[in-house]
Amino acid sequence: MKIRTPHPTLRARLTLVYGALFLLAGLTLLAVTYLLFNQQLSRSFDSRYGAPGGRPTRLAIVSPNGYMLEGADALRWMQAQEAELREAAVTSLLTQGAVALAVVALAAAALGWVVAGRMLAPLRLVTATARRIAAAPAADRGLHERIALRGPVDEVKELADTFDTMVERLDHSFDGQRRFVANASHELRTPLTLNRALVELAMHRRTASVDVKRLGESLLEINARHERLISGLLLLARADHEIGDRSPVDLADVVAHVVAQTAPEAEQARVTVQEAAFPAPAGGDAMLLERMVHNLVENGIRHNTGDGTGWVRVASRTSPAGEAEVEVSNTGPAVPPYEIPALFKPFHRLGEERMVTGRSAGLGLSIVRSVAQAHGGDVTARPREGGGLVVTVTLPRAGA
């Protein structure tokens, strides 16, 4: 396993570069000062005592201890004093210069940290907005956010404005898509209702033959499937919006109601529905949550063994973390693990359910996922040992 080493942030790197450049400039300035100071000191001694090669040898100097020094002794004493003075001056220059350079370099690094932070603040705002959009439960739920960066028109301002323009276009695209689905679904309901009425009228005529009645039953079945498809599209378009007005809902009540509601369909399919409804308080839209659980149970009933031994277990509970959970497991044909992610995509069906005459519209689990994400939750599925699925919906606790 490859361990990723932490990398310094851009702010830290800018601070290091700024401090290193300042330190390099300070060292260069200190070296130049040393050379100029040493040169000026040599000139000062030469101008006072003459050139080294041309200094007089007949000198008379009284030393600090009171002795009279003449000739070569005086010259040596003068040279020793000159070397000592030069060494003290150069040592003082380098020591104090290095201390001053270190202090100023630290101050410059601290100032560089502050300046880099202020310069990178707009980029942090862009990053935070992008993260909120990416962390939204669905691809279009965070697109209403904008950076709206204020300040002078520079590279960062242009980046933020470009990002806002891109997000705005995506938002308009998603809104247009949802409106199209909703409007098309509403417009298709009217002709479907009219078709059902005309077919039923033709079937119930006294002169209707057996063939006409059989054809009418087939047409009614196809019409009903189309109505379910339209209703599913409308519900999916509604569930794609995050729930704003939340009401307390106990999923145990929802499970009990759905089990009673689907009992006739389960009896007709020869499937036993087992209920284990424990308190699971959540918050959200009660109608959407009921539809979510109904789709799960309906999916378990329809995709079962069909030989009278099948069953569907519906359980609601509260997790140790306080989240509300609904778990629906069922017997049925084996589902490959790699097919499970595709089951939550719209219009995806397995096996013979792909046929036009299939009872399912392929929106059941898509609606389940959309409703769960609209409530801030999530849904997972796994194959059940022996065939069938185990689907678990997790929702935030009530009031979260």
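Author: The following account begins with helix 5 and then turns to other parts of the chain. The model is a predicted one, in which local features need pLDDT of at least 70 and side-chain atom pairs count only at pLDDT 80 or more, while totals for chains, interfaces and linings use all residues. Residues are numbered from 1 along each chain as its sequence is written, and side-chain values use heavy atoms, with hydrogens and water left out.

Helix 5 comprises residues 251–261. Helices here are DSSP runs of H or I with at least four residues, strands are runs of E with at least two, and both are numbered from the N terminus. Which residues of helix 5 are buried? They are Leu-251, Ala-252, Val-254, Val-255, Val-258 and Val-259. A residue is called buried under 20% relative accessible area, exposed over 50%, and partly exposed in between, for a 1.4 Å probe and protein chains only. Although Ala-256 and Ala-315 are 59 residues apart in sequence, their C-alpha atoms are 9.6 Å apart in space.

The axis of helix 5 comes within 9 Å of that of helix 7 (residues 286–302), and the two cross at roughly 50°. Helix 5 is therefore oblique to helix 7. Axes are lines fitted to C-alpha atoms, for helices over the stretch in contact, and angles run from 0 to 180 degrees between N-to-C directions. Angles under 35 degrees count as roughly parallel, over 145 as roughly antiparallel, 65 to 115 as roughly perpendicular, and the rest as oblique. The crossing of helix 5 past helix 7 is right-handed, a term used when the near helix is turned clockwise from the far one by less than a right angle, with anticlockwise giving left-handed.

The loop between helix 6 (263–268) and strand 4 (271–277) contains Arg-270. Arg-270 is not a glycine, yet its phi is positive, at about 60°. Most residues other than glycine have a negative phi.

Helix 9 (residues 364–374) is mostly covered, with nine of its 11 residues buried. Among them are Leu-365, Ile-367 and Val-371. Val-368, which is placed in helix 9, is buried with a relative accessible area of 0%. From Val-368 to His-294 there are 74 residues in sequence, and 9.2 Å in space from C-alpha to C-alpha. After helix 9 comes Gly-376, with a positive phi near 80°.

Finally, Arg-313 lies over the face of Trp-311, at 3.7 Å from the ring centre; a charge sits over a ring if NZ of Lys or CZ of Arg is within 6 Å of the ring centre and within 35 degrees of the ring normal.
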